[in-house]
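Hello,

Here is the structure I promised to pass on. My notes follow below it.

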Amino acid sequence: MVKVTVCGAAGGIGQPLSLLLKQSNLISHLALYDIVNAHGVAVDLSHINTTSRVTGHVGPLELEEAIKDADIVVIPAGVPRKPGMSRDDLFNINAGIVRDLAVAAAKYAPNALMCIITNPVNSTVAVVSEVFKKHGVYDPRRIFGVNILDLVRSSTFLSQALKKNPKEVNVPVIGGHSGVTIIPLLSQIPGIESLTQNELETLTQRIQFAGDEVVEAKSGAGSATLSMAYAGARFTLNLIESVFHDVHRVECAYIHLSADSEGAQKVRPIVSDVEYFSVPIEFGKQGIERILPIGKISEYEYEMIINALPVLKSNITKGVTFITEESKL
């Protein structure tokens, strides 16, 4: 029996994400929460002939019921990016939304695996962690920043350049989940030597700012909702398979490196003293089983890491101090 709660289930990411999760027989109870329209979304999805039970929950008075005893809480809630808006511009609105949902999870589902999609992920993951610390239920192995869309995009764009099946091109993406903090390790992919350095840099920049590509293409009508829903569902279902069915799964995720101190020591020479970083991880019974080595990287990729570290540290500090420096709980 696996209960998954989607917070922000009536939104642009939440609805297609919930649809994809409803298709899976790995989930027994799909609880959909939002401040509006979650009841209607739940009724709609409940007509699909898969085994999971679907319930809808609207507003703060129904939040406890939505989250209580959840095994996994997925948070895509918040406002989307608009043209000209950076992920940092979202912080003041979305950090408060994520904080309130994290408080509910810490109270009513303290052992849940927390999957944070809400941007800016580089900061909102720290918000969740600090809330869990304040409630005495913090376990870094169970809190994930879902940056898997960067891996999906990397696979798509690189496979097009190499004329390969994207399912055969798996690019690790380390760092963070915005702009220059997104570091796709293209050098680790067989066949990459066929591309020039200029082509590699152009491809890297497209991956880093692919979100802008979608925002501009939608002309202010939304951000990357459908592709993010696909990526979020993939991450969630892989996590369920590992935690509840002993299936070996490896993904990259933005995590606190204390989740595996031994594994963290192996990446410290590259990532310095930054607390949160996207790294390859192996899922296990407690969420994060271990941090895997980053592997060999190119000089260009190393320079990107060096440039990303101060940005990441600033993003992390913003998330931490949002909780620690004010009485917000």
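Contacts between residues 24 or more positions apart make up 74% of those in the protein with a separation of 6 or more; contact means heavy atoms within 4.5 Å. This is a predicted model: local features need pLDDT of at least 70, side-chain atom pairs count only at pLDDT 80 or more, and totals for chains, interfaces and linings use all residues. Residues are numbered from 1 along each chain as its sequence is written, and side-chain values use heavy atoms, with hydrogens and water left out.

Overall picture: of the 329 residues, 57% count as buried. Buried means under 20% relative accessible area, exposed over 50%, partly exposed in between (1.4 Å probe, protein chains only). The C-alpha atoms fill a box of roughly 55 × 45 × 40 Å, taken along the principal axes.

Now helix 1, residues 14–22. Gly14, Pro16, Leu17, Ser18, Leu21 and Lys22 are buried there. Their cover includes strand 1 (3–7), strand 2 (29–34), helix 2 (38–46), strand 3 (53–58), strand 4 (72–75) and helix 9 (226–245). Helices (H or I, at least four residues) and strands (E, at least two) are DSSP runs, numbered from the N terminus.

Next, helix 2. Its buried residues are Ala38, Val41, Ala42 and Leu45. They cover an arc of only 100° around the axis, which puts them on the same side of helix 2. The arc is that of the directions from the helix axis to the C-beta atoms. These residues pack against helix 1, strand 2 and strand 3.

Last, Phe209. Phe209 sits in the loop between helix 7 (197–208) and helix 8 (210–217). Phe209 is partly exposed, at 38% relative accessible area.

Best wishes
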